[in-house]
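Q: I have a model on my screen. How should I read its features?

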Amino acid sequence: MSGKRNVHYRKIGIYFILFFMAIAIVFPIYWMLLTTFQPTSQATAYPPSLFFKSFSLDKVIEVLLDTSVIKWIFNSFIVALGVVVVNLLISVPAAYSIARYKIKCNTILLFVVLVTQMIPPAIMVVPLFEIFASVGLNNNLLSLILADSILTLPIGTWILIGFFENIPTEIEEAAIMDGASKMMLFYRISLPLTYPAMVTVAILTFFDAWNEYMYAYTFISDQSKWVGTVGVASFMGQFLTDWQAVMASSLIFSILPMLIYIFLRKYIVRGVSEGFAK
Amino acid sequence: MSRSMKPVNKTIFCEGMTIKMGIFNTEISNLKEKFTRFCRNEEYVPYLLNLLIVLSIVLLFVYPLIYGVLSSVYSKGEFSVANYSRLLTDRNFWHALWVTVLYVFFYTVGIMFIGFVTALAIDVGEERKLPGSKILSSFLTLPYAIPDVVGSLVWLWMMNPRHGIINYLLSFLGIEGLKWLTSGDLALISVVLVGIWRLFPMHTLIILAAFKTVPRSLYEAADLDGASTLQQFFYITLPSIANIMKFLVLLTVVWSFKRFTIIWLLTRGGPMHATETLAIMIYTEAFKFFDRGYASAIAVSLLIIVGAVSVLYMKFFKESEAEGGLL
């Protein structure tokens with residue numbers, strides 16, 4: 001009898017935790033939608049209403065037409081795509097090498113890769129700024145691609161190492177029998193098997209590059225070359241802030257990663273759990 | 001054959017020299033042999049594959065780090081430790097160090113606790129097949145898709161002291177006009193909470209993955225022995241995931257030193273330095289007061305702190321690697 005009641009309480013407890021967590025996670029996103037898609041008078045009224053009363057696209061259209069938000073998002077896209085490509089080019093061969101060849105040099109390399117992941121970007125921002133300025137890369141999106149690639153390199157390499165290690169060696173051994181060279185083993189045999197892992201790495205890298213703010217805020221001063229993070233944050237005024245415009249531009253900027261998240265969630269979850277399951 | 005002949009021919013001229021030349025020649029031939037073996041067996045392959053990563057780490061990581069350390073001790077071409085002596089007497093620096101410690105502590109404890117409780121609720125919910133728990137858990141990684149900047153701005157709007165929804169809802173509980181980000185007592189807590197909101201789903205996912213690795217058979221055996229759920233949790237689940245939890249705590253500590261964007265956008269380190277961590281202070285010194293040398297000195301001190309924590313982490317990492325992985 002008491003056991004049964006206990007189970008009941010536990011069930012309620014679990015629901016309570018899950019429900020509370022889901023609210024805590026989703027409410028800010030809901031609030032962003034609510035502020036964006038209401039007529040201005042209602043969106044910023046006090047006391048605020050917790051529910052939609054009427055729908056309006058006015059602010060979204062205003063932000064899209066009157067500001068450079070589309071341009072900034074396009075810049076973000078260029079940078080994120082660049083980081084994904086650079087990151088894969090660098091991390092795939094290195095991960096294969098570390099996974100396959102247990103030589104001393106690779107042990108050291110793995111150690112260094114893990115170290116880069118621990119250094120706060122705030123330590124790197126000043127020297128990188130001066131180095132990029134000295135080679136004329138300031139105000140150039142390429143500086144962001146290079147700087148962000150180093151940030152995302154460790155997680156990509158880490159996930160890929162796990163993946164390459166899981167490929168059975170028998171496949172490669174069979175290819176050696178057929179006279180394949182070592183480069184061919186990598187290029188023809190192992191590489192095609194890792195495409196799914198590369199998708200995971202590409203998504204995580206894309207998210208990180210899309211999210212990066214400090215470098216973009218520092219290296220790019222030309223307003224037409226701003227990326228989304230810097231542009232959206234610039235809506236926040238020193239004294240007066242049009243909160244509805246801030247929320248509308250935030251929402252527009254979040255659409256792409258949210259879509260990726262909704263449709264490719266399993267890759268993200270797998271990347272996170274596999275990165276740790278190693 | 002011909003290689004060994006050469007030194008013999010030269011003996012005629014000078015004996016001492018020949019011996020040296022002989023050693024030299026055999027060394028060269030050794031190297032040559034090594035090199036041909038290196039090429040024939042394709043021993044260069046791992047090095048070739050590593051070329052790009054080594055190049056990028058050297059150019060974009062090692063070089064900037066050295067550059068940063070040097071610019072903290074060189075001003076106008078002269079060696080000077082002025083930046084460091086200033087550091088020792090700068091009350092703002094020690095305050096920033098203290099804020100960093102507080103931030104790291106509260107952030108780590110908070111995110112581990114919330115991540116763990118959520119993971120536990122999802123795990124139990126899925127195991128008992130409670131309706132709805134699957135849908136709820138699929139929401140969990142959602143903040144990961146929201147950029148830091150957007151998350152900060154939304155919370156900034158919600159925490160607005162006059163028009164924000166949070167203060168409005170709290171007013172029903174009789175709590176009025178909390179200054180979330182502009183009062184020295186609350187600002188640090190607010191900044192930590194938003195940081196946790198943004199990333200705790202990652203912790204939940206990791207801890208969930210850890211739960212899943214505990215062998216079912218252990219629980220079945222415990223069931224047969226009549227162990228209660230609570231006992232099973234304390235004697236089976238916790239010991240099984242202790243290793244990964246330690247690892248995760250260390251990793252969270254290391255990662256929390258990296259947080260910048262959310263603090264910067266919410267408070268810029270204010271009010272009155274209340275949320276100024278070392279990362280924020282570096283940025284302010286470098287790009288607001290344009291004192292890059294001093295900023296570099298702070299950066300070096302942060303580097304030393306992170307380095308010390310990382311050594312712990314690496315040590316642990318090596319130990320668990322030797323034991324055959326974390327999970």
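A: Start with surface. Chain B exposes about 17,100 Å², by the Shrake-Rupley method with a 1.4 Å probe, where for residues only the protein chains shown count as cover. Carbon and sulfur atoms supply 68% of that area. This is a predicted model: local features need pLDDT of at least 70, side-chain atom pairs count only at pLDDT 80 or more, and totals for chains, interfaces and linings use all residues. Residues are numbered from 1 along each chain as its sequence is written, chains are lettered from A and ligands numbered from 1 in the order written, and side-chain values use heavy atoms, without hydrogens and water.

Q: What is the mean pLDDT of chain B?

A: pLDDT is the predictor's confidence in each residue, from 0 to 100. The mean for chain B is 84, and 89% of its residues reach 70 or more.

Q: Where in chain B is confidence lowest, and where highest?

A: Helices (H or I, at least four residues) and strands (E, at least two) are DSSP runs, numbered from the N terminus. Confidence is lowest in helix H1 (residues 2-10) of chain B, with a mean of 46. It is highest in helix H14 (residues 278-287) of chain B, at 95.

Q: Is Thr284(B) buried or exposed?

A: Buried means under 20% relative accessible area, exposed over 50%, partly exposed in between (1.4 Å probe, protein chains only). Thr284(B) lies in helix H14 of chain B. Thr284(B) is buried because its relative accessible area is 9%.

Q: Which residues is Thr284(B) in contact with?

A: Contact means heavy atoms within 4.5 Å. Leaving aside neighbours within four places in sequence, Thr284(B) contacts Trp264(B), Glu276(B) and Phe289(B).
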